[in-house]
Amino acid sequence: MYTLDIDEIRALANDVSSISSGSNEFELLKKKLHERFQVSIPEGLKNAAIEKFGDVTSAPILYENLTNSILRKKVEDGENNITIKNPRALYRIGIFGFSEPVNLNLTVEGNVGNFFGAFCNFNGTWTVKGHAENGLADKGYCGKFVIDGLATELVGQNNQSTSYSHGVDILVRKGCMERAMAQARGGNLVTFGAGFNSGLYMSDGILMNLGEPGELFGAGMVGGIIYAKQGTTTGKGAAIRKLDEDDYEKIKNVLRIFERDLDIVDLDDFSKTNSRLDIANIKHEEIDFREFEKIVADENMVH
Amino acid sequence: MCGICGLMMDDSSLRYSPVGSILQDMMESQQIRAQDGAGIAIFDKNNAGDSFKIKNFRKEGMSNYSIDEVESSSENVPENLEKLSQDSECHFFSFENEMTILKETGLARDLDRKFGIRKMNGSHGIGHLRIATSSRVTPYNTHPFSTTIVPDIAIVHNGEITNYNMLRDSLELEGFTFHTDSDSEVIAVFLASKILKHGDIERAHREFVAKADGPFTYIAATADSIAIVRDKFGTRKGIIGYNPGDSDHPPFWAMATDLSALDVVGATTKIETPHPGKPRIFYRN
């Protein structure tokens, strides 16, 4: 188990900043970071940081880069249980660029910023004990996410299903803002609320909204399925259908991924004739899937 | 990808609420979004009085601007506004009673170094980080935007008002004056025109949402209110949070583009997202 407290990197950078400046600051920071974390920072980052933020140590791109470099090194060294402390909604944490899936359970204690876990490719669970921002798991290949708080726009955007990946599975306990699973090509999202235009341009994957009915779901979708409570409205290109036996099987398979996280009892018995499930999210609630419908591409508009 | 933020203190009777310091932290935490300009508007009722300030940027040389401030009584405000509008070297930026707007090109921390934002007190305020998309990088195109129509109104905006020309044309036909080329200015002028017409700020926001096209989130402040408003399809984000009071701050509501801005000032309870098209307003108590 490895714990990275990002405040430690911030403190180290502040120390360097208090005793140096300009090029000297960058060189000293590079040296100290190598001593402490055995990682280096690219030269290009110096110019980008100075151009955009006036100096290196106040540039958020420095902390994103270092966080990802340190974690990547730990994974390469064989670590597969990592905790991050004090993320302070830093952008782009968890972009490691591994070409093959890695085994990694990651827990983030706090809020994560835009594009957390983008391009992810892992086996395990990444848990955020806080909120997540735009583009959570954007273009993700594989992995499981559990977000304890809410997530802003574009959760699971461009979720990737390829010849070697099935997409990312995401649970958002307090709901997503607009355009969840936009342009998704695979993967699964279970959420307790989703904003306007969720499922926009979906071509595959499943979006299951267990929260209140949404608005304008599925605009321009050509594939995939949205399960949502009756009363949800659709955008152009999407059609509402009743659930059939096969849908109950699909719902069961998606919920199986989060069975422990949602403390679901008797999931094995779930079917069209036994459509109620006791689900523990923020609180226990019984959900009756007879109150749900599915939203799919309107066959009259897809050619 | 501009960054916007705002806050309303729970108890506006506190004489020294650290609005400047909180706003500055919120802006610096969102600096990654934009680096072309930064600005704030802070409202402090201790400043309210019988006179008004009309502030302008006066061009000096090729690209430098100095701030030109004209103190006016309510009687000579129209005359002074007229005089300034004739001066081609002058760019209007704010019409103030209790409000103070300060803005400049560059980073948020440079704004603080120049004007001492962290030392400013008040009941509420808004802040902006600009990345220029539709007008030049100059101090007068930096947010917040104010108007010469009524004092003490300021807006900050992230996104685009795509039918800006149409809205501007119709407001100009009604006789309202614009002072910049920015689409964001139309929000301030529209709201001010409605305040003049019916005096209901919530209704003014609803009317703007009904008329405006495009992806946008804006935060608008008047002497008594602050509102965060998203376009009707929610295509630009906005987040609200509450700090119930801690060792650094009295209780306040905060709103911003990025969660990081709420995180850095401890406004992470009661996190919510404003419903698209429905203004979320906080009134000064």
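User: How many residues of chain B are in contact with chain A, and how many of chain A take part?
Analyst: In this predicted model, 17 residues of chain B are in contact with 21 residues of chain A. Helix H7 (residues 259-264) of chain B gives the largest share of the side of chain B that touches chain A, namely 4 residues.

User: Into which classes do the residues on that side of chain B divide?
Analyst: The side of chain B that touches chain A divides into 8 nonpolar, 6 polar and 3 charged residues.

User: Into which domains is chain A divided?
Analyst: Chain A is divided into domain 1 (6-79) and domain 2 (87-297). The centres of domain 1 of chain A and domain 2 of chain A, taken over C-alpha atoms, are separated by 34 Å. Contact between these domains involves 9 residues of domain 1 of chain A and 9 residues of domain 2 of chain A. On the side of domain 1 of chain A that touches domain 2 of chain A, the largest share, 8 residues, comes from helix H4 (residues 60-76) of chain A. By class, this side of domain 1 of chain A has 5 nonpolar, 2 polar and 2 charged residues.

User: How should I read a nonpolar core, and which residues touch the most other members of the largest one?
Analyst: In soluble globular proteins, nonpolar side chains tend to be buried together. Here the largest nonpolar core has 158 residues, and Val155(A), Met26(B), Ile219(B) and Ala254(B) touch the most other members. Helix H5 (residues 185-197) of chain B supplies the largest share of this core, 7 residues. At least three residues of this core come from each of domain 1 (6-79) and domain 2 (87-297) of chain A.

User: Which residues does Val155(A) touch, not counting residues up to four places away in sequence?
Analyst: With those residues left out, Val155(A) touches Leu136(A), Ile170(A), Val172(A), Cys176(A), Ala180(A), Met181(A) and Leu189(A).

User: How should I read a sheet, and what is the order of the open sheet of 3 strands in chain B?
Analyst: Strands of a sheet pair through backbone hydrogen bonds, either parallel or antiparallel. In chain B, the open sheet of 3 strands has the order E4-E3-E5, and its pairing is antiparallel. Strand E4 (64-73) and strand E5 (90-96) of chain B are the edge strands, as each pairs on one side only. On average, neighbouring strands of this sheet are turned by 20° against each other, direction ignored.

User: How many bridges join strand E3 of chain B to E5(B), and what packs on the sheet?
Analyst: Strand E3 (residues 51-60) of chain B is joined to E5(B) by 6 bridges, and the two run antiparallel. The bridge partner of Phe57(B) in E5(B) is His91(B). Helix H2 (residues 77-86) of chain B packs on the sheet and touches E3, E4 and E5 of chain B, its direction making about 5° with that of E3(B).

User: Where does a cis peptide bond occur?
Analyst: A cis peptide bond joins His143(B) and Pro144(B), with omega about 0°. Pro144(B) is in the loop between strand E7 (124-130) and strand E8 (153-159) of chain B.

User: What is the phi of Arg92(A), and is Arg92(A) buried or exposed?
Analyst: Phi of Arg92(A) is near 60°, a positive value in a residue other than glycine. Arg92(A) lies in the loop between strand E2 (81-85) and strand E3 (102-103) of chain A. A residue is buried if 20 or more other C-beta atoms lie within 10 Å of its own. Arg92(A) has 22 other C-beta atoms within 10 Å and is therefore buried.

User: Why does Phe115(A) count as buried?
Analyst: Phe115(A) counts as buried because it has 23 C-beta neighbours inside 10 Å. Phe115(A) has a positive phi of about 60° although it is not a glycine, and its place is in the loop between strand E4 (105-109) and strand E5 (121-128) of chain A.

Key:
Residues numbered from 1 in each chain as written. Chains lettered and ligands numbered in written order. Predicted model: local features only at pLDDT ≥ 70, side-chain atom pairs only at ≥ 80, totals over all residues. Core = buried A, V, L, I, M, F, W, Y, C linked by C-beta atoms within 7 Å. Buried ≥ 20, exposed ≤ 12 C-beta atoms within 10 Å, placed from the backbone. Domains from an automatic or database assignment. Contact = placed C-beta atoms within 7 Å. Nonpolar A, V, L, I, M, F, W, Y, C, P; charged D, E, K, R; others polar. Pairing = 2+ DSSP bridges. Axes fitted to C-alpha atoms, helices over the stretch in contact; angles between N-to-C directions.
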